[in-house]
Amino acid sequence: MDSYLELSHVTIDFPTPNGPFRALDKIKLSIDQGEFISLIGHSGCGKSTVLNIIAGLHQATEGGVILNGKEVSEPGPDRAVVFQNHSLLPWMTAYENVELAVKQVFKGKKKKEEMKEWIEHNLELVHMSHAMDKRPDELSGGMKQRVGIARALSMEPKVMLMDEPFGALDALTRAHMQDSLMEIQTELNNTVIMITHDVDEAVLLSDRIVMMTNGPAATIGEILKVDLERPRDRLALAEVPEYNHYRAEVVRFLHERYKNPESEQETDSGSNSETATASAEKPATQNKQENEEDTPVLYAVND
Amino acid sequence: MTTQILKNFSGLHNILIEPFLRIFTGPNKAEEINKLMKAIVTPLVALGIFLLLWSAGASQIKTSLGAVPGPSQVWEQAVNLLDEHKEERQKEAAFYERQEKRNAKKLAANPDATVKIRSYTGKPTYIDQIWTSIYTVMTGFLIASLIAIPVGILCGLSPLIYTALNPLIQIFKPVSPLAWLPIVMMIVSAVYVSDDPMFDKSYLNSAITVTLCCLWPTIINTTVGVNSIDKDLINVSKVLRLTWLTKVFKIVIPSSIPMMFAGLRVSLGIGWMVLIAAEMLAQNPGLGKFVWDEFQNGSSNSLARIMVAVFTIGLVGFLLDRLMLMLQKSISWDKSAVIR
């Protein structure tokens, strides 16, 4: 029980008109400080719900989350979230968006000039110094996400929670962002939990990959420790047999042991890379399914 | 600075100025001229047809005040009204000049003499009446906005408050100003009792009636705007643990400004319509009273003068709406949004 972040028997039920819907069942996970964890699983398996519980945006029905010896009961800046669609305030510049967070977290702790320096430092870290005074609608998708990451980093969080941070970006930008994230990670060594659909992204970035079973009552199916030396280089890794082995492990989990419930009728669901990419890019059927499975979640939020 | 003002004057700017500029700056001059001709000629043709139909139709109908006036008679009366205004102003100036001379003479004869300065008491001219109307509607609208925006924000943020207030809002929303007015009049005469009143009762009656009718569109639109804030932005405020006030000012208000202004514009439009009716009955010396007085007066020029008022009311209403647009453009962060 002396791990940094502890999820103990986290279970969550969402009320629906047909009785409670169990989305997560007894999730158990210990994370060390400075670890990079990926959560991977099919759409609708409750990955986002896990993240939201850690963030404090949802409350677990049973079990709980302990961060650095304290139970998590409400959202707070020590668990900064990077949202999939950046969630920057569109009427503020990049600088002002980060400033809002910094002012909130370091009120009374940093002087004015120190805050300014700190904001600029964080924007520098994500290579956005040149566009500090631009508003989100003047920035590209990748740049917006960079500012989102800068905002999260600027809070000096104990854990950084990333909900498919690069999911909405094109492949090239995504690769670029992954490299940037690794670079920042070498420098700051944050504890990170990231949700992803992308097998390559998971293997490239993570220390451990947490693979989730399909819902309802989803839980952790398997945890894969990625023992690749850092710094990692995507080009060099493509030739490394271990890398391909890890990759195949994840793909096997997702496509053999816990097939996408929507594609059950498919006879060929082997671990070839084509299926992997297909799932990484979320085909339309999967999106539809995600929406359906998300309905109880939305219901609970609206309540 | 001027370019900024021009930019803010969205509609007028786009319609009136930009096409001309494009003739000089655009790459294809012939096409730009062609476009401009279309933009100007089409409305002019429509206007011409309207005037023709009007003058043809008007002469067919005989009322107790003579034939219904056509465009030329209305124009004549418009010029008359303006002349009367100028004449009245000259009389006023002359009155003050005479008074000053008289007082100066008095003081020259006896330095200790007490001089009386009386203000001019001529009847208000048409232009004065327009200003009275604008002033009154703005008062009512401002009071309504100061109440409606905070109430709308509260309704949008708290489902409980919304559930509580919604039935009241829905019931009061469709009430006609003519139903409010008698109640307002009685209450104002009962409550606003003063030996030296700062405001005329007629002014208060009209303004408060406008307020009562202006509240609802702003409340409803603000509620919807606040309620439809991106859930992720609310999550951001939760993660940052923003205080309630910071959340409202940094996130809620900026993101609901477009809807808020949509409501404010509808409110001001309604307020202007309501005002004319209220002024007729409350006898507030504005355009509504002008129309009523002309109707009671029943001279051969009355109908034409009322029609001048109709056009004035339309034009002022249009300008008020443009004013709100300018305000929205200067306040809203989303300059790229198409605002109509």
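## Chain A

Of the 303 residues of chain A, 53% count as buried. The model is predicted. Chain A has ten helices and ten strands. Among its contacts with a separation of 6 or more, 69% link residues 24 or more positions apart.

Helix 1 of chain A covers residues 47-55. Eight of its nine residues are buried, so this helix is largely enclosed by the rest of the structure. The buried residues are Lys47(A), Thr49(A), Val50(A), Leu51(A), Asn52(A), Ile53(A), Ile54(A) and Ala55(A). Gly56(A) follows the helix. The phi of Gly56(A) is positive, near 90 degrees.

## Chain B

Chain B has 340 residues, and 37% of them count as buried. Twelve helices and two strands make up its secondary structure elements. In sequence order the pattern is α-α-α-β-β-α-α-α-α-α-α-α-α-α. Among contacts in chain B with a separation of 6 or more, residues 24 or more positions apart account for 71%.

Strand 2 of chain B spans residues 66-67 and includes Gly66(B). Gly66(B) has a relative accessibility of 29%, so this residue counts as partly exposed. Its C-alpha atom is separated by 9.0 Å from that of Leu303(B). Along the chain, Gly66(B) and Leu303(B) are 237 residues apart.

## Helix 5 of chain B

Helix 5 of chain B runs over residues 126-157, and Ile130(B) lies in this helix. Ile130(B) has a relative accessible area of 13% and is therefore buried. Leaving aside neighbours within four places in sequence, Ile130(B) contacts Leu287(B), Thr312(B) and Val316(B). The C-alpha atoms of Ile130(B) and Pro285(B) are separated by 9.0 Å. Those two residues are 155 residues apart along the chain.

Thr136(B) is also in helix 5 of chain B. Its relative accessible area is 0%, so Thr136(B) is buried.

## Cysteines

There are zero disulfides over all chains. A disulfide is a covalent bond between the sulfur atoms of two cysteines. Take Cys213(B) as a case: the closest cysteine sulfur is in Cys214(B), 7.3 Å away. A disulfide needs the two sulfur atoms within 2.5 Å. The sulfur of Cys213(B) is therefore too far from that of Cys214(B) for a bond.

Cys213(B) is buried, with a relative accessible area of 7%. Cys155(B) also counts as buried, because its relative accessibility is 2% and the cut-off for buried is under 20%.

## The interface between the chains

Chain A contributes 24 residues to the contact, and chain B contributes 17 residues. Together the two chains bury about 1,900 Å². Carbon and sulfur atoms account for 69% of that area. On the chain B side, Val239(B), Leu240(B) and Trp333(B) supply 35% of the area that chain B buries against chain A.

The interface has one salt bridge. Glu74(A) pairs with Arg241(B) in a salt bridge. Their closest N and O atoms are 3.7 Å apart. Four residue pairs are in polar contact across the interface of chain B and chain A. On chain B, helix 9 (231-239) and helix 10 (244-282) each supply at least two residues of the side that touches chain A. Helix 9 of chain B gives the largest share of that side, seven residues. By class, the side of chain B that touches chain A has eight nonpolar, three polar and six charged residues.

Note on methods: Residues numbered from 1 in each chain as written. Chains lettered and ligands numbered in written order. Predicted model: local features only at pLDDT ≥ 70, side-chain atom pairs only at ≥ 80, totals over all residues. Heavy atoms only, no water. Buried < 20%, exposed > 50% of the residue type's maximum accessible area, 1.4 Å probe, protein only. Contact = heavy atoms within 4.5 Å. Buried area = accessible area lost by both parts, 1.4 Å probe. Salt bridge = Lys/Arg side-chain N within 4 Å of Asp/Glu carboxyl O. Polar contact = N/O pair within 3.5 Å; in protein donor to acceptor, adjacent residues only side chain to side chain. Helix = DSSP H or I, 4+ residues; strand = E, 2+ residues; numbered from the N terminus. Nonpolar A, V, L, I, M, F, W, Y, C, P; charged D, E, K, R; others polar.
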